[in-house]
Amino acid sequence: MKLRHTRLWVDAVLAAIVGAVVVVELVGNHALRPKTGAATMEAILVVAVVLRRRQPLLAVAMAASASALEVALGVPVDQPLAPLLALAFTLYALGVYGTLRASMLGFVIVTASIAVGTKDKGIGNFAFGAIFTWGTLAAGRAMRGRVRQTDELARRAERERVEAVGAERARIARELHDVIAHSVSVMTIQAGAAEELLKVDPARAVEPVRAVQEAGRQALIEMKRLVGMLREDQEEIGLAPQPRLTDLQRLAARMGDAGLAVELRVEGTPREVPMAIELSAYRVAQEALTNTLKHARATGATVTLRYEPSWLSIEIIDDGAAAAEPGSGHGLVGMRERVSVFGGTLAAGPRPSGGFAVHALLPLETVP
């Protein structure tokens, strides 16, 4: 998708260049007469440049025909620059994106338009047109393999990105399902306790009822996030408890056993946060440390968990010398998707002093 947008922008810029040249020539070049005919033909040139990638042969035919008709209307062939630019852009695109047969047909169309439209039938004009046409087509054909390779790499990267996002969303859906299941279990237990207390001590039943209310509120919040997420059919629901922030120390110890020394820091006043936020913060740290261990050739990392008034901040910094570029890799794609589900932000990239940093902000104030 990004490659397509980039190419649309490139074509728009090239069309704008041709359009600017057209305006300058129509206003400043008094030899371009008749003005109405010249303006009409040169407007067709702009349209041809816009179509050059989607319909390259049609674009070449439009540019060649407009150029020939412009001469037929009386515009001197050696005056306007716009037709030459339009032909260059469209012929190159035909060489890159068209078949060999289409390229040969385009060559015939352009050389024929030169032969018919040029008032001076000298061999010089025809030779220049043929050499220009063939050279531009040949340049496009020479770049054809590289452009196709770039296209394939871009399509593959986009497919992998979509798959990574889909896999992460499915994983988030599974985890949120477990969080909701936990909340419902708590509600059931507390409701049972409240029922028993109502028999012997009704005043004390208020506390478990409030616990049911809070668990229900959290379940509704997570349910809103879960709705719309896809998960694989017939997949078993995990019975193991989901990791919490208290499990970060255990994660650091496992990384230490694997050869990466991890220091865990906690700033601010720790307080209870929604379970899904805890889980996401843990997953961000887990993914970042795993990437560091696999790819960064680091010996140490620091995980800083910071409690802020409205946000939970988690930052992972390593001392590696060969970390990935910002935004690359499926791990970062998954982390961004996970954080965005909760309305948070994630920044990742190499540090000026060396190493790589991942910083996630997760909101603590949620609206049920």
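1. Main core. In this predicted model, the largest nonpolar core holds 37 residues. Val284, Leu289, Ile314 and Val358 have the most contacts inside it. Seven elements are listed here as each supplying at least two residues: helix 8 (248–257), helix 9 (275–295), strand 2 (300–307), strand 3 (311–318), helix 10 (329–341), strand 4 (345–350) and strand 5 (356–363). Helix 9 gives the largest share, eight residues.

2. Leu289. This residue is among those with the most contacts inside the core. Leaving aside residues up to four places away in sequence, Leu289 touches Leu251, Met255, Leu260, Val262, Ala301, Val303 and Ile316.

3. As background, nonpolar side chains in soluble globular proteins tend to be buried together.

4. Aromatic pair. How many aromatic pairs does the model contain? The count comes to one. Phe107 and Trp134 form the pair, and its geometry is edge-to-face. The centres are 5.6 Å apart, with 80 degrees between the planes. The angle counts as edge-to-face because that class begins over 60 degrees.

5. What the pair joins. Phe107 sits in helix 5 (residues 100–117), while Trp134 sits in helix 6 (residues 123–200). The pair therefore ties together parts that are 27 residues apart in sequence. Trp134 is partly exposed, at a relative accessible area of 45%.

6. Surface patch. Which residues form the nonpolar patch on the surface with about 330 Å² of accessible area together? They are Trp9, Val13 and Ile17. Trp9 belongs to helix 1 (residues 2–28). Is Trp9 buried or exposed? Its relative accessibility is 62%, so Trp9 counts as exposed.

7. Whole chain. The secondary structure comes to 10 helices and five strands. The protein chain has 368 residues, and 42% of them count as buried. Among contacts between residues at least 6 apart in sequence, 74% join residues at least 24 apart.

8. Points to check on screen. Start with Leu289 and its contacts, including Leu251 and Ile316. Then view the edge-to-face pair of Phe107 and Trp134. Finish at the nonpolar surface patch of Trp9, Val13 and Ile17.

Conventions. Residues numbered from 1 in each chain as written. Predicted model: local features only at pLDDT ≥ 70, side-chain atom pairs only at ≥ 80, totals over all residues. Heavy atoms only, no water. Patch = residues over 30% accessible without salt bridge, like charges linked within 9 Å, V, L, I, M, F, W, Y side chains within 5 Å. Areas by Shrake-Rupley, 256 points an atom, 1.4 Å probe, with all protein chains shown as cover. Salt bridge = Lys/Arg side-chain N within 4 Å of Asp/Glu carboxyl O. Helix = DSSP H or I, 4+ residues; strand = E, 2+ residues; numbered from the N terminus. Buried < 20%, exposed > 50% of the residue type's maximum accessible area, 1.4 Å probe, protein only. Core = buried A, V, L, I, M, F, W, Y, C linked by side-chain atoms within 4.5 Å. Contact = heavy atoms within 4.5 Å. Phe/Tyr/Trp six-rings, centres within 6.5 Å; stacked < 30°, edge-to-face > 60°.
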